[in-house]
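The following note sets out points for a colleague to consider while inspecting the structure.

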Amino acid sequence: MASRFRSREAWTGYLFVLPAVALFAVMGLYTVGYGLALSFAQWNGFTPKWTWVGIGNYLDLIYRDPAIAPVVQAAALRTLVVMIAVPVLTVLVGFPLAVALNHITRLRAAFRTVFFLPQVTAGIALFYAWTYALQPDGSLNYILRHLGLGSIAQPQGWLGNPSTALPTLIVVMVLGSVPVAMLLYLTGLQSIDQSVVDAARVDGASGVRTMTSIIWPLLLPITGAVVMLNLRYALQDFQTFLLMTNGGPGGHTLVLGLESYNLAFVSGFKPTLGLSSALGWILFVVALLLAGINLRVLRSRA
Amino acid sequence: MKARVFVYVVLTAYAVISLYPFALMVSGALKDAAEVRLDGHLIPSDPTLATLAHTWSELHFFTYFGNSLFVTGLTTVGVLVVYSLAGYAFAVLRFPGRRLLYGMFLALLFVPGITMLLPVVILQQKLGLIGTFPGIILPFVNGTAPLSIMLLTNSFRTVPAELKESARCDGAGELRTFWSIYLPIGRPALITIALLTAVPTWNEYVLTRVSLNDASRYTLPLALQNLNSSTAPQENVLMAASLIIVIPVIILFVLLQRYFVNGLQGAVKG
């Protein structure tokens, strides 16, 4: 009797997860398997057959192909710069903002709402607005000139000058990632036991001292989460690059995700679909490694 | 006192930076074609709503708005139906392979979008779904699986077991228990999931770009991109179109931000 109940429960369980699993099997497992297989082949998307090349695509990307490897290496370096700059800047801006917000009561909700707008609207509309602002005769240069800061203005446009394009894109990405970081820090700050802070004050610790030696260490797990989230974001995001510079000027903002996109969708009849897949899988392995490191760090702390 | 003033100055400065792109959209959309080509000053000398009206009607943005609404709406409904059922199974029912399946869904979180993009497009071609709304809605739904399943399973787990037992004693079947006990209690989580699905779907550009090829099916982001790639893109029209895209998101966010905030916190903690 009991076992019949249990098997009935099991069948109901399978029935309830069936839609999710079916969708996952087609859109997730099949596509992942297909992409992995394709990463070992050469194909232009039009010919009926693939040409198997083993791990050739991976070798070509990393060092072997004289036309592609240097592009990929430079893109990897830029991706690394983004992966360092975005998390660091997000923490450097998000943490003080949270402390400031935690300090006030009036207008706190209003400020939080406004800060979140670049996060929830992140997409083509926001990127075009930024592109519009950053043009040679755009609003940002106009404002700088009128503030007497004309020497910093960029006559070629902020995205047209090879040396300012990547830093500018990083700033736009950071504006989108700060709100979540700020929110997490704010939650953390509100959960800190006030008596610990008061005790430090009584012992004569200054405000700065309390911040650096008590509050910051207590919030380290949150910093860990913020860094992880933004490493993933910096590794995977290429939409910002695609829409704002499309890798330009002269390839100076080409990152790995965008290169993989180009190899798949703007390669014409060249057989680069396998290369694109292989590059996607390299990104996947890096993402997994990051997740593994994150898990280990969390475990060791626990 | 001084410290407090300083704090407000810093917060106001950051608020100005956050609002800057939206101010540009409004300013650009209110300028006419000649003024927008000038020097980038913010206040239009002769503000006009003509650009906005032109973009909405003559440039067919009402059609694109409808397309976006359709795709976003159907994706959101799909996510709520499929993953509330799955979340219920994972939280309440016992069946062999439950943990394995749950882990499999969460693993999807680590697969970068670009890794899936090309195979998804090839699959759309094979299924004859390229260029159709189902072709993009199905991968959108699947893409939210990790987060939706995690948040809904956690939410359904908080329902006390006695409630379920008493429903059983009243002779309610599984579907009935799910519908009349679990769904109402899970309402905040469901709203959160709806928001965290609807907003990114509304903004989605990359998969839509490589899937949809017929201009009559364009969503708002594609229509905007299409304006920009025309021979002589006009900034005032681009900003008007951008405004049409962001306004619904801003309204939704301002009204429901409590759910948004809870969801983001839950996503990181879980």
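**Notes on a predicted two-chain model**

1. His60(B) is partly exposed, because 16 other C-beta atoms lie within 10 Å, and the structure concerned is a predicted model. This residue sits in the loop between α2 and α3 (61-92) of chain B. Most residues other than glycine have a negative phi.

2. Asn246(A) belongs to the loop between α11 and α12 of chain A. It counts as partly exposed because it has 14 C-beta neighbours inside 10 Å.

3. The loop between α11 (239-244) and α12 of chain A also holds Pro249(A). The peptide bond that joins Gly248(A) and Pro249(A) is cis, with omega about -5 degrees. Most peptide bonds are trans.

4. Turning to the overall build of chain B, the chain has 13 helices and 0 strands. Its C-alpha trace spans about 75 × 65 × 35 Å along the principal axes. Of the 270 residues in chain B, 44% are buried. Among contacts in chain B with a separation of 6 or more, 76% are between residues 24 or more positions apart.

5. The domain assignment divides chain B into domain 1 (1-48) and domain 2 (56-269). The C-alpha centres of domain 1 of chain B and domain 2 of chain B are 32 Å apart. Contact between them involves 10 residues of domain 1 of chain B and 8 residues of domain 2 of chain B. On the side of domain 1 of chain B that touches domain 2 of chain B, 7 residues are nonpolar, 1 is polar and 2 are charged.

6. Is Ser45(B) buried or exposed? Ser45(B) counts as exposed, because it has 9 C-beta neighbours inside 10 Å, and a residue is exposed at 12 or fewer. Ser45(B) is placed in the loop between α1 (2-30) and α2 (50-57) of chain B. Although Ser45(B) and Lys31(B) are 14 residues apart along the chain, 7.8 Å separates their C-alpha atoms.

7. Chain A is likewise assigned two domains, with domain 1 covering 2-38 and domain 2 covering 61-301. The centres of domain 1 of chain A and domain 2 of chain A, taken over C-alpha atoms, are separated by 36 Å.

8. The contact between the chains draws 71 residues from chain A and 73 residues from chain B. On the side of chain B that touches chain A, helix α13 (residues 235-269) of chain B supplies the largest share, 15 residues. That side of chain B comprises 55 nonpolar, 13 polar and 5 charged residues.

9. How do helix α12 (residues 256-265) of chain A and helix α5 (residues 113-126) of chain B meet, and at roughly what angle do their axes cross? The axes come within 10 Å and cross at roughly 10 degrees. α12(A) and α5(B) are therefore roughly parallel to each other, since the angle is under 35 degrees. Gly257(A), Ser260(A), Tyr261(A) and Ala264(A) make the contact from α12(A), and Ile114(B), Leu117(B) and Leu118(B) make it from α5(B). These residues comprise 5 nonpolar, 2 polar and no charged.

10. Gly280(A) lies in helix α13 (residues 273-301) of chain A. It counts as buried because it has 28 C-beta neighbours inside 10 Å, the threshold being 20 or more. Apart from neighbours within four places in sequence, Gly280(A) is in contact with Gly35(A) and Ser260(A), and also with Pro112(B), Ile114(B) and Thr115(B). By contrast, Gly280(A) and Ile214(A), 66 residues apart in sequence, are 42 Å apart in space, C-alpha to C-alpha.

11. The largest nonpolar core has 151 residues, and those touching the most other members are Ala129(A), Met182(A), Tyr185(A), Ala86(B), Leu224(B), Met239(B) and Ala241(B). Helix α7 (residues 162-191) of chain A gives the most to this core, namely 15 residues. Leaving out residues up to four places away in sequence, Met182(A) touches Gly94(A), Leu97(A), Ala98(A) and Phe115(A).

Technical notes
Residues are numbered from 1 along each chain as its sequence is written. Chains are lettered from A and ligands numbered from 1 in the order in which they are written. This is a predicted model: local features need pLDDT of at least 70, side-chain atom pairs count only at pLDDT 80 or more; totals for chains, interfaces and linings use all residues. Domain bounds come from an automatic or database domain assignment. Axes are lines fitted to C-alpha atoms, for helices over the stretch in contact, and angles run from 0 to 180 degrees between N-to-C directions. Helices (H or I, at least four residues) and strands (E, at least two) are DSSP runs, numbered from the N terminus. Angles under 35 degrees count as roughly parallel, over 145 as roughly antiparallel, 65 to 115 as roughly perpendicular and the rest as oblique. Two residues are in contact if their C-beta atoms, placed from the backbone, lie within 7 Å. Ala, Val, Leu, Ile, Met, Phe, Trp, Tyr, Cys and Pro count as nonpolar, Asp, Glu, Lys and Arg as charged, and the others, Gly among them, as polar. A nonpolar core is a set of buried Ala, Val, Leu, Ile, Met, Phe, Trp, Tyr and Cys residues joined through C-beta atoms within 7 Å.
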